[in-house]
Amino acid sequence: MVLVEPTNIVSTSVEGEYRLVPYRERRKRWGGTVSVGYSTYQPENYEPDFADAAFDEVYSSDDLPMIELGFSVKRNLPIGSIGGELGVGIYVNESDEPDLGESTLNLYLVKLGGVYYMDVLSEEPTIVPYVSGGAYTMIFKESLPGTSKNGNTQVAFYGGLGIQFQLDWIDRQAARVAYESSGIESSFFFVEARTFTSAAAKQDPDFGSTISFAAGIRSEF
């Protein structure tokens, strides 16, 4: 007797092509995501160490905007999915005013929190609203030629509200092949609004921000 594992591929063609079993039926109890995105984050409350001026006067345009990698592990439930997320990001800005010093600000974001995806609104997660929040720390270094100041802030809090759009419809055959070969359940384009609070310690630089926006690509396994 030979046991054949289910492939989650519909055995008869739909509209002339073979398709995956609907997302709500094929996904496993546990899953995970990987994402890469761009953010409009600016440390607008930060006070430069090497110039007696506001942040936006010294650093008027960033050289490397906040680029972030994200990872999550999630538990799939009938009401959606909940999980934990880890994000790491990098931001670089060089002074645009030589008269105020040729300083460079490097930021490294590390955040850890939770996320809830409303991904069971239909058989396929065509549109998925989600909410996230947790704690973050900012590792920073501001430098001039020959001198620098660096450190990391105490833990502060962040929150985000977003929506992601499934991309599988662009090429369903490629999505099916990706599922069969790499276990990719689905791919998404996401947009998100987020905010970072300021660290409570008075000696810490203020990297809090008002609402910023992020966008990128997320794949679910």
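1. Aromatic pairs first: searching the whole structure, a predicted model, turns up 8 of them. Rings of Phe, Tyr and Trp (its six-membered ring) pair if their centres lie within 6.5 Å; planes under 30 degrees apart are stacked, over 60 edge-to-face, and the rest tilted.

2. Take Tyr 46 and Phe 207: the ring centres are 5.1 Å apart and the planes meet at 10 degrees, so this pair is stacked. Tyr 46 sits in the loop between strand 1 (30–39) and helix 2 (55–58), and Phe 207 in the loop between strand 8 (186–196) and strand 9 (209–220), so the pair ties together parts 161 residues apart in sequence. Helices (H or I, at least four residues) and strands (E, at least two) are DSSP runs, numbered from the N terminus.

3. Buried means under 20% relative accessible area, exposed over 50%, partly exposed in between (1.4 Å probe, protein chains only).

4. Tyr 117 and Tyr 130 make a tilted pair, 5.4 Å centre to centre with 45 degrees between the planes. Both are buried.

5. Now a charge: the charged end of Arg 218 sits over the ring of Tyr 130, 5.2 Å from its centre. That label needs NZ of Lys or CZ of Arg within 6 Å of the ring centre and within 35 degrees of the ring normal.

6. Some housekeeping: residues are numbered from 1 along each chain as its sequence is written. Local features need pLDDT of at least 70, side-chain atom pairs count only at pLDDT 80 or more, totals for chains, interfaces and linings use all residues, and side-chain values use heavy atoms, leaving out hydrogens and water.
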